[in-house]
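Below are some notes for a colleague who is opening this structure for the first time. They are set out as numbered points, to be read with the view alongside.

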Amino acid sequence: MTAATMITAPGSRTSSIVFLATLLLGPIIAVNGLAFIMPVLNLLMLSFRESLGGGGLGDAYTLDNWSSTLVDGFYIELIVQSILTSLMITILTLVASYPIALYLHRAQGRWRTILLVLVISPLLTSAVVRTYGWIAILADDGLINNTLKALGADAMRLLFNKVGVVIGLTEILMPYMILALLAGFGRLDPRVEEAAETLGASPWKVFWRIIVPLTMPGVALGCLLSFVLAVSSFITPKLLGGGRVFLLATEIYDQAIVTLNWPLAATLSMIILVIFGAALVLYSRLLRAVL
Amino acid sequence: MDERPVPLTLKILAFVMFVFLLAPVVLVVPISFSADTYMTFPPSGWSMRWYVDLMHNSRMIGALGTSTLLAVIVTVLSMLIALPAAYAIIRMRVIGAEALLALFTAPLLLPTIVLGLAILIVFAGAGLLGTFTGLVIAHLIIVLPYALRVLTTSLAGLPLIVEEAASTLGASPLTVFTRITMPMMMPGIVATAALSFLVSFDEAVISLFLTGPRITTLPVAMYQHVETQADPLVAAISVLLIVLTLAVVMIVDRTAGLTKTFVK
């Protein structure tokens, strides 16, 4: 399939327009083909090749990587742990982001712009920088533990374990969640809340019966985004986990760079994509149920 | 719109969560002025020693140079590639424009760890590992979706009538584009350039797969430093990066409107 056969302008099917469109789209098609489509297809095929160790590949195609990964207790545990940890991070991110999104939805004018800049700025700050900030907070000599010590309490181990990874990733994913929630808050009409209040509903009841149901599309979108990003994030779990927290993404890197078992790394990558697909299906089901 | 007062409970909750959200980025600033050899918070004393240290750290300075050059080249190339593509998709009513746009933004949906591995394997065979060219191509793949999205949105928002008037008056399509269309979409172009630069400059995961002993980018050098040492050096670099990010955010806000770029 070449670009020229794909691209024709309706109404004026002259060859010069086809030529021009091909010329304009040619570079982006070339880059996408060479550095995206081809590598990803290659990765898929690689998951069916035998690893000979040290980066070597067998000639024959095999299902061994898939079958051994899906039978091996270590990898099953890894997949289950990755999904459970990501779900936990997603829920915490939602709880932490919801008040900010609700507040931003109500805020107006200059103040709203300032707060939005504060939400978006971390998104544009390198994950390495933000993770480093978390090390300063969670380390044995960090903000929390030094505060605890000053108060005479016992220090807690917050770094190089799952607690640190969950706290750090929750904060890192908050901007995505807040923006997704805001995008889905369109149906939240203050007049509906007012009507409920006028009819005698308590603020608590208004929140659970009016605000929460009306914001479900945003919640679903934000959760999908957070979950998908949590499953695939690498920098934060690696640095805050200190190599002691094993998740799918960190295992892919180790297999690819340390063990040089590319077929296994490719298989784990495909499993991440399968988890993505499942999350997407669940999201569309959920969306249909709440709308 | 809503003129009712925001409930106090919501105000307090939102404030607490904002503190949580901004804590790690804000905390990096005082740490960078620490006088300690190891990272502790609060520091036992204040100094500029880590900024001085950074100036003499040839590895970090080299990585900073590589990242800057890389981000500039990737920004220019992504503009040269995405601008014509955006024009073809929006203005030429190409068949399957929607599908093309979806295909070109697809790399954003793929986890960077998967994309990094996929590119590593292909580049290893092509001899592009640990090369500047390899980094440029890989960064283009993740920068182009952003560039294309902002440019198509910007182009689609322009009134066609001015361009039509110009061509009715005898201007060639190229003249119309360079004299009418491009100046009108300047905010979009500036926003694209700023975003492209930042996305390339901050990219860590894919670069981690592709860099080697001979060439390394700043985020990779920082990552490797944090992995092995716990000193305030990275805080000093982080402060410089945060200032850079704020500058870019201001540029985007002044030209294209930050809120419009990120929130519908």
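Predicted model: local features only at pLDDT ≥ 70, side-chain atom pairs only at ≥ 80, totals over all residues.

1. The crossing in which α6(A) passes α8(A) is right-handed.

2. Which residues make this contact? On the side of α6(A) they are A127(A), R130(A), T131(A), W134(A) and L138(A), while α8(A) contributes G164(A), I167(A), G168(A) and I172(A). Sorted by class, the residues of the contact of α6(A) with α8(A) comprise 5 nonpolar, 3 polar and 1 charged.

3. For chain A as a whole, the domain assignment gives domain 1 (3-46) and domain 2 (65-290). The C-alpha centres of domain 1 of chain A and domain 2 of chain A are separated by 36 Å.

4. Turning to the two chains together, 72 residues of chain A are in contact with 77 residues of chain B. Helix α2 (residues 15-46) of chain A supplies the largest share of the side of chain A that touches chain B, namely 16 residues. That side of chain A, taken by class, has 55 nonpolar, 13 polar and 4 charged residues.

5. Chain B has 13 helices and 0 strands, and the C-alpha trace of chain B spans about 70 × 65 × 30 Å along its principal axes.

6. An unreviewed UniProt entry places the feature "transmembrane region" at several spans of chain B, among them residues 12-33 and 189-212. In the model, residues 12-33 of chain B are 95% helix and 0% strand, with the end C-alpha atoms 31 Å apart. Residues 189-212 of chain B are 83% helix and 0% strand, and here the end C-alpha atoms lie 33 Å apart.

7. The UniProt annotation "domain: ABC transmembrane type-1", which also comes from an unreviewed entry, covers residues 64-252 of chain B. How much of the chain over residues 64-252 of chain B is helix, and how far apart are the end C-alpha atoms? Over this stretch of chain B the model is 80% helix and 0% strand, and the end C-alpha atoms are 23 Å apart.

Conventions
Residues numbered from 1 in each chain as written. Chains lettered and ligands numbered in written order. UniProt positions renumbered as here; feature names shortened; annotations may be inferred. Helix = DSSP H or I, 4+ residues; strand = E, 2+ residues; numbered from the N terminus. Left-handed = near helix turned anticlockwise from the far one by under 90°. Contact = placed C-beta atoms within 7 Å. Nonpolar A, V, L, I, M, F, W, Y, C, P; charged D, E, K, R; others polar. Domains from an automatic or database assignment.
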